[in-house]
Amino acid sequence: MADLYVLVHGAWHTGKEMDAVAGHLRASGHVVHCPTVAGNNADDDRSTVGLAQAIASIADYIEKENLRDIRLVGHSYGGMVISGVADRMAERIKRLVYVNAFVPLDGQSLNDMVPPHYLGLFDSIAAANNNAVMLPFEIWRDAFINDADFGLAKSAYEQLNPHPYKTFTDKISLSKPLAELAVGKSYVNCQQDIALPHSLPWHPRLSERLGLFRLVECPGSHEMFFSNPARLAEAIIQAGRD
């Protein structure tokens with residue numbers, strides 16, 4: 001049976017970087033959309049786009065395409081986006097799937113959930129780049145895509161784009177805790193992901209905020225969309241099924 005997936009990318013990405021995983025999902029018979037979040041399109045003004053605009057861009061996409069019974073998948077920063085979308089249109093969503101993604105509380109920003117060393121780094125980069133942030137390659141290579149060889153790490157990095165820092169500092173507004181939403185929830189935990197240190201982990205620190213949820217784990221880094229899209233697609237299907 002074909003399911004409908006909407007894949008929401010993380011920071012520094014666009015929908016295009018979801019294509020490899022989307023291809024494996026489609027090969028399994030599913031329908032997949034990979035929109036680009038406001039702030040990450042080529043012509044977007046990184047200095048002004050905030051979290052509310054990012055969330056609205058995906059909600060508007062869903063409404064425009066008249067999508068229903070969605071498996072809404074968010075990767076990393078995309079967890080902030082899908083949380084806001086779900087709060088706004090839970091009736092259109094069959095299941096939320098967080099892939100090593102942020103799970104916010106009402107009034108919390110992404111920066112409230114990351115270690116202090118990232119805050120100082122991002123603040124300084126944003127101040128020098130008109131409020132846009134870019135991940136240094138050294139951090140990307142060792143902490144984000146540690147399961148890839150150097151060539152893949154480099155070629156993947158070259159596909160990234162500057163990200164609007166306001167989406168990291170804006171506080172999300174949720175009408176109720178995500179645990180209270182009447183939709184299914186899953187969390188995919190890639191076990192070698194150290195984009196957040198294991199002392200301040202994705203799971204269970206953030207995943208448990210979902211209340212009742214399905215846990216799916218697989219080996220891999222934060223950036224399996226590049227390093228092992230076939231295996232990540234399997235995990236997403238496991239997380240998304242009824």
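Axes here are lines fitted to C-alpha atoms, for helices over the stretch in contact, and the angles between them run from 0 to 180 degrees between N-to-C directions. This is a predicted model, so local features need pLDDT of at least 70 and side-chain atom pairs count only at pLDDT 80 or more, while totals for chains, interfaces and linings use all residues. Residues are numbered from 1 along each chain as its sequence is written, and side-chain values use heavy atoms, with hydrogens and water left out. Helices (H or I, at least four residues) and strands (E, at least two) are DSSP runs, numbered from the N terminus.

**Helix pairs**

Two packed helices are described by the angle between their axes and the distance between the axes.

| Helix pair | Axes come within | Crossing angle |
|---|---|---|
| α5 and α6 | 10 Å | roughly 125° |
| α2 (residues 51-65) and α3 (residues 78-89) | 9 Å | roughly 60° |
| α1 (residues 19-27) and α9 (residues 229-240) | 8 Å | roughly 60° |

Let's take α5 and α6 to begin with. Their axes cross at roughly 125°, and that makes α5 oblique to α6. For the wording, angles under 35 degrees count as roughly parallel, over 145 as roughly antiparallel, 65 to 115 as roughly perpendicular and the rest as oblique. α5 passes α6 in a right-handed crossing; a crossing gets that name if the near helix is turned clockwise from the far one by less than a right angle, and is left-handed if anticlockwise. On the α5 side the contact (heavy atoms within 4.5 Å) uses F137, W140 and R141, and on the α6 side F150, A153, K154, A156 and Y157.

Next come α2 and α3, with axes crossing at roughly 60°. That makes α2 oblique to α3, and the crossing is right-handed. From α2, the contact is made by L51, A54, I55, A56, I58, A59, D60, I62 and E63, and these meet M80, V81, G84, V85, R88 and M89 of α3.

Then there are α1 and α9, whose axes come within 8 Å. That makes α1 oblique to α9, again with a right-handed crossing. The α1 residues making the contact are A20, V21, H24 and L25, and their partners in α9 are P229, A230, L232, A233, I236 and I237.

For burial, the cut-offs are under 20% relative accessible area for buried, over 50% for exposed, and partly exposed in between (1.4 Å probe, protein chains only). In α6 (residues 150-157), the buried residues are A153, A156 and Y157. Seen down the axis of α6, they fall within an arc of 100°, so they line one face of the helix; the arc is that of the directions from the helix axis to the C-beta atoms. These buried residues pack against α5 (137-144) and α8 (224-227). At the start of α6, a side-chain oxygen of D149 comes to within 3.3 Å of the backbone nitrogen of G151.

In α1, V21, A22 and L25 are the buried residues. They cover an arc of only 100° around the axis, which puts them on the same side of α1. Their cover includes β1 (4-8), β2 (31-33), α8 and α9. Just after α1, G29 takes a positive phi of about 100°.

S221 sits in the loop between β8 (214-218) and α8, and counts as buried at 0% relative accessibility. Its side chain makes a polar contact (a pair of N or O atoms within 3.5 Å; within protein, one must be able to donate a hydrogen and the other to accept it, and residues adjacent in sequence count only if both atoms are side-chain atoms) with the side chain of D147, at 2.6 Å. The S221 side chain also reaches the backbone nitrogen of E223 at 3.2 Å. Leaving aside neighbours within four places in sequence, S221 is in contact with F144, I145, N146, D147, C190, Q192, D193 and S227.

L174 is in the loop between α7 (166-169) and β7 (184-190). At 6% relative accessibility, L174 counts as buried. Beyond neighbours within four places in sequence, L174 has contacts with S83, G84, D87, P104, L105 and D106.

Q238 belongs to helix α9 and is partly exposed, with a relative accessible area of 37%. The C-alpha atoms of Q238 and S186 are separated by 9.3 Å, with the two residues 52 residues apart along the chain.
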